[in-house]
Number of protein chains: 2
Amino acid sequence: MTRAFVETIGFIAGICTTLSFIPQIVKILKTSKTRDISFVMYAVLTMGIFLWMVYGILLGELPLIIANGISFMFCLAILTMKLVYGRR
Amino acid sequence: MTRAFVETIGFIAGICTTLSFIPQIVKILKTSKTRDISFVMYAVLTMGIFLWMVYGILLGELPLIIANGISFMFCLAILTMKLVYGRR
C-alpha cells in the first residue's frame, strides 16, 4: 500500500464522518422534531469530538483540527435543536 | 504538554465518541421508534467509520482499529434498527 492510498482512505473517511451530520440537521430543520434522538448521545459525542479537536491542536495536526472542528459545530447544532425542540 | 497528557486526551476522546452511540441504541430498544433519526446520516457515518477502521488497519494502529471497530458495530446496529422500524 502506498502512503498516498492510505492518506486517500483517511481523507474520504474524514469527509464521510464530518458531512454525515448534515442530513440529520436538514431533517430536524424540516420537521422540527427530535423526539427519537438521544440527548445523551449528542452530549457525549459533542464532548468527544471537542476532545478530538483539542488532541489535534496539541499534536498540531491540521486535518484532525479541521475535520473535528466542523463535526463539533454540526453536533453542537443538533444538540441545541434537541434542547430547543425538546420532546416534540 | 507531555506526550502522556496528549495521549490521555485522545484516549478520553475515543471513549466518548465510541460509547456515545449506546444511549441512542438503548432509547430505540425502549421505544421502537426511529422516525426523527436520519437514515442518510447513519448510512454515511457507518461507511465513514468503516473507512477509519480500514485506515487504522493499513497504518497498523490498534487504537484506531479498536475504537472504530466498536463504533462501526454500534452505528450499524442503529442503521439496522432504522431500517427495521422504518417511519414509526
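Helices (H or I, at least four residues) and strands (E, at least two) are DSSP runs, numbered from the N terminus. The model is predicted, so to speak of local features requires pLDDT of at least 70 and side-chain atom pairs count only at pLDDT 80 or more, while totals for chains, interfaces and linings use all residues. Residues are numbered from 1 along each chain as its sequence is written, chains are lettered from A and ligands numbered from 1 in the order in which they are written, and side-chain values use heavy atoms, with hydrogens and water left out.

**Exercise 1. Describe the fold of chain A.**

Step 1. Chain A holds four helices and zero strands.
Step 2. Read from the N terminus, the order of elements is α-α-α-α.
Step 3. The C-alpha trace of chain A spans about 50 × 25 × 15 Å along its principal axes.
Step 4. Of the 88 residues in chain A, 43% are buried (under 20% relative accessible area; exposed is over 50%, partly exposed in between; 1.4 Å probe, protein chains only).

**Exercise 2. Which residues touch the most other members of the largest nonpolar core?**

Step 1. A nonpolar core is a set of buried Ala, Val, Leu, Ile, Met, Phe, Trp, Tyr and Cys residues joined through side-chain atoms within 4.5 Å.
Step 2. The largest one has 30 residues, and A:F21, A:Y42, B:F21 and B:Y42 touch the most other members.
Step 3. Helix 2 (21–31), helix 3 (39–59) and helix 4 (62–85) of chain A, and the helices 2 (21–31), 3 (39–59) and 4 (62–85) of chain B, each supply at least two residues of this core.
Step 4. Leaving aside neighbours within four places in sequence, A:F21 is in contact (heavy atoms within 4.5 Å) with residues including A:Y42, A:F74, A:I78 and B:M41.

**Exercise 3. Characterise the interface of chain A and chain B.**

Step 1. The contact takes 38 residues from chain A and 38 residues from chain B.
Step 2. About 3300 Å² is buried between the chains, with 73% from carbon and sulfur atoms; buried area is the accessible area (1.4 Å probe) that two parts lose on being put together, summed over both.
Step 3. A:D36, A:M41 and A:L58 supply 19% of the area that chain A buries against chain B, more than any other three residues.
Step 4. Helix 1 (3–19), helix 2 and helix 3 of chain A each give two or more residues to the side that touches chain B, and helix 3 gives the most, with 14 residues.
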